[in-house]
Amino acid sequence: MSLIAKDAPGQQVLLMGNEAIARGAVEAGVKVCAAYPGNPSSEIIGSLAQVGEDLGIYVEWSVNEKVALEISAAASFAGLRGLTAMKQNGLNVASDFLLNLNLSGTKGGLVVVVCDDPSALSSSNEEDSRAYAKLGDLPLLEPSTFQEAKDMTKWAFELSEELGIPCMLRSVTRVSHARGNVKLGEIPKDVREPHFDTTHPIIPLPVAWTHRSLHDKLAKCRERFETSSFNIYQGPEKPELLVVTCGSSWLYVREAVHNLGLEDRVGVVKLGTTWPLPGDFLRRHLKRAARILFVEEVDPFLEENVKAFCAENGDELGMKTFLGKASGDMPDIGEMNPDIVTETLKRIFRVSYEPRPSEYAQNATQIALQHAPMRQLGFCAGCPHRATYWAVKNALAMDGRDGFVLGDIGCYTLGIAPAGFSQVKTFHAMGSGTGLANGFGQLERFGFHQPIIAVCGDSTFYHAAVPALINAQYNRADFLMLILDNSATSMTGFQPHPGTGRTAMGQEAPVVDIEGLCRALGAHVEAVDPFQVTETTHTIYRLLQKGKGLRVLVVRRECALVRGKREGKLFQVRVDQQRCIGIDCGCNRLCTRVFKCPGLVWDPETGKARVDEAICTGCGVCAEICPSSAIIKEVA
Amino acid sequence: MLLLEKDPLNVIITGVGGQGNVLASQILGQMLVQKGYVVTIGETYGASQRGGSVMSHLRISHKDQFSPLIPQGLCDLVVGLEPVEALRVLGPYGNPGVLMIVNTRPIHPIDVISGDAQYPDLEQVLKEIRSLSRRLWTVQATDMALEMGDPLFSNIIMLGALSATGILPLEREDLERILGELFPPERIPANLEAYDKGREAVQEYSP
């Protein structure tokens with residue numbers, strides 16, 4: 001049984017941060033959970049979906065983050081507890097509703113979890129979502145540990161319900177995508193009857209009244225924060241330096257202070273409630289030292305707000321020296337780690353610290369650099385996107401008018417890299433390739449003649465491309481839309497979506513037909529299988545040449561990983577060592593040098609290609625590209 | 001028995017996306033939590049399915065929750081699911097006392113496949129790893145996994161190999177219980193077999 005649903009109060013278990021958040025919601029008696037997947041947040045809803053039926057929780061993958069928030073809010077309006085979870089980009093999508101919802105207020109506890117991705121380990125941008133809490137006057141909690149991730153989530157529901165506004169919980173990659181010990185609490189058995197009070201409309205008007213009321217709620221929230229056990233001070237009575245920190249940075253600070261032996265000289269204020277600031281708590285501890293160092297990820301959120309607080313309380317707190325992002329003592333981009341904090345403290349205290357002999361460090365760094373070739377990202381073996389971009393590359397070359405591809409967010413973003421033959425020339429937000437194509441598609445009147453291809457995945461199509469396609473049809477934008485339908489939200493862990501025929505909780509669902517929807521717009525629509533490489537190439541070429549208006553080509557082939565898990569290999573593929581002429585072939589190693597599927601390797605000893613059977617997924621596409629027909633595919 | 005009593009004990013499991021690195025670290029972590037340890041695991045898998053280097057950091061302690069990232073130079077044990085990935089982590093995290101367990105089967109990076117980079121000679125890689133470590137064990141985990149019918153068994157084979165070194169208090173019964181929580185019953189016997197095979201196959205490296 002999943003640990004999320006385990007009814008074993010007091011037991012210590014190992015949970016991923018995202019699972020801990022999910023467990024916190026379960027312990028709070030959440031009833032409705034909705035989200036659109038996005039790393040590092042996806043496992044929150046993913047793990048809840050697995051236990052939803054057993055625990056009587058409704059869990060759905062929604063079409064996008066704004067809709068997901070609206071679904072959770074509806075539960076709240078009916079008096080139930082609701083949760084939504086998203087990555088930082090998702091909050092941008094959901095923010096339009098959120099920044100009205102703060103004014104209208106909520107009923108049942110409503111928690112908005114945002115998982116930021118400092119250093120953009122699995123993101124297109126780096127963004128600090130905490131700005132939205134300040135912008136929307138919303139309570140903000142930031143867990144440092146896995147236990148806190150669970151406990152804070154539970155508390156966030158209570159807080160939201162008491163105050164009548166949504167509560168934000170901000171996690172980061174090193175909490176969400178990390179694992180640690182969590183002591184389980186009780187799962188409540190109480191039942192609430194959902195009901196919407198029709199005598200009290202939930203609206204943000206009149207703003208003069210609701211905005212005032214929101215500020216009053218936030219003042220009450222600050223009172224609650226003053227006594228929160230999530231805010232702690234550790235260190236001597238009068239430290240030489242006071243570190244103010246939050247989130248996973250707290251663990252880095254603790255470790256750096258310990259490794260440098262600075263426990264008697266450094267005090268650490270760890271904040272779990274970061275907006276509104278708990279003023280009385282801060283005042284007590286800011287008095288301890290004249291030098292303050294801020295350690296946080298990404299923006300100087302605490303840094304700027306605590307500085308303003310110090311200015312307001314100057315009479316009592318006196319002059320301070322602030323060290324942080326603004327002073328250049330901490331990096332002002334990217335994620336933190338123990339080494340960054342160690343270096344900063346070493347510099348401030350002028351202490352020396354050598355975790356390993358410097359000769360070893362130099363040697364190891366040099367040897368690793370010399371012998372370990374870098375691994376750039378590529379498509380998986382058997383990925384349909386490799387075949388699609390191969391066809392796109394050849395079709396654009398045949399067309400010869402310097403056409404190019406506008407992309408967006410998904411596995412197929414890798415079309416920007418050599419793995420996708422560097423065909424994609426722009427990518428930004430979900431659906432933005434299609435929006436940009438609308439713009440390029442109007443430039444002919446100014447003498448622009450390059451053909452335009454927009455690509456989007458199936459899940460992205462539903463999320464954000466549909467409005468742009470409606471716009472294209474209405475305004476007669478001229479471009480070719482490729483919908484790369486691999487029947488999964490693969491980038492984030494294969495979550496189902498409106499095209500897959502099943503729901504988050506595993507029930508059958510009606511398939512929202514991509515071709516039918518596009519045809520209803522009035523677009524010209526065709527579909528191909530990218531593994532039929534020649535046919536796909538010629539279809540793209542023909543649609544490019546055909547010109548005028550919106551043309552949609554659905555390029556459909558299931559994600560190799562999804563298929564592989566279910567069925568194993570499609571073909572047994574091998575390289576016929578007699579037929580492969582290797583370096584003497586005029587192809588100049590087309591299969592390995594250009595096509596670059598990780599399942600095909602070049603054997604320097606024989607000077608020929610061969611299949612790596614540990615990697616090959618048996619798609620058979622390479623058999624179609626070998627000019628000597630040396631790659632043999634046989635039905636597995 | 002080589003049980004390390006350092007606190008925290010820092011372990012890196014490294015490999016290439018798709019090798020089952022994250023699952024191996026999760027299983028290892030759960031085995032240790034069952035033994036009463038406080039464990040933190042940091043996982044870097046933004047691009048795990050797509051051929052990139054993937055690393056899990058495990059911090060194993062009797063008393064405290066440590067950060068999910070190991071400080072530079074402080075790794076005690078590396079479980080390398082791929083040889084050059086094992087060597088790569090020694091750059092930032094190695095030290096003269098580090099212990100190494102390495103699966104000897106290379107996975108070629110795209111740049112090697114395309115001819116833009118060279119994959120080093122395996123024997124050379126193992127020699128360099130040995131020169132930068134206290135002890136090195138090797139296992140032909142992928143080859144054994146392929147014999148069992150699925151390359152994905154290699155991560156469990158590596159856990160078996162790790163258990164045989166005695167560096168960590170790993171017990172087969174703990175694994176069995178955790179597999180029962182993670183997998184459907186029909187998949188458990190083959191995974192236990194993989195673990196046992198890894199226990200038998202691990203060898204200390206001598207050049």
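Which residues of chain A are linked in a network of salt bridges? The views below start there. This is a predicted model, in which local features need pLDDT of at least 70, side-chain atom pairs count only at pLDDT 80 or more, and totals for chains, interfaces and linings use all residues. Residues are numbered from 1 along each chain as its sequence is written, chains are lettered from A in the order in which they are written, and side-chain values use heavy atoms, without hydrogens or water.

**View 1. A salt-bridge network in chain A.** The linked residues are A:Asp116, A:Asp128, A:Arg130, A:Glu142, A:Arg170 and A:Glu296. A salt bridge here is a side-chain nitrogen of Lys or Arg within 4 Å of a carboxyl oxygen of Asp or Glu. A:Arg130 pairs with A:Asp128 at 2.8 Å, N to O. A:Arg130 is buried because its relative accessibility is 0%. A:Asp128 is also buried, at 6%. Buried means under 20% relative accessible area, exposed over 50%, and partly exposed in between (1.4 Å probe, protein chains only).

View 2. A:Asp216 is partly exposed, at 43% relative accessible area. A:Arg212 is partly exposed too, at 48%. Helices (H or I, at least four residues) and strands (E, at least two) are DSSP runs, numbered from the N terminus.

View 3. With 39% relative accessibility, A:Val207 is partly exposed.

**View 4. Salt bridges between chain A and chain B.** The count across these chains is 7. A:Glu255 pairs with B:Arg59, with the closest N and O atoms 2.5 Å apart. This pair runs from helix H9 (residues 249-259) of chain A to strand S3 (residues 53-61) of chain B. A:Glu255 is buried at 6% relative accessibility, and B:Arg59 is buried at 1%. A:Arg375 bridges to B:Glu82, with the closest N and O atoms 3.1 Å apart.
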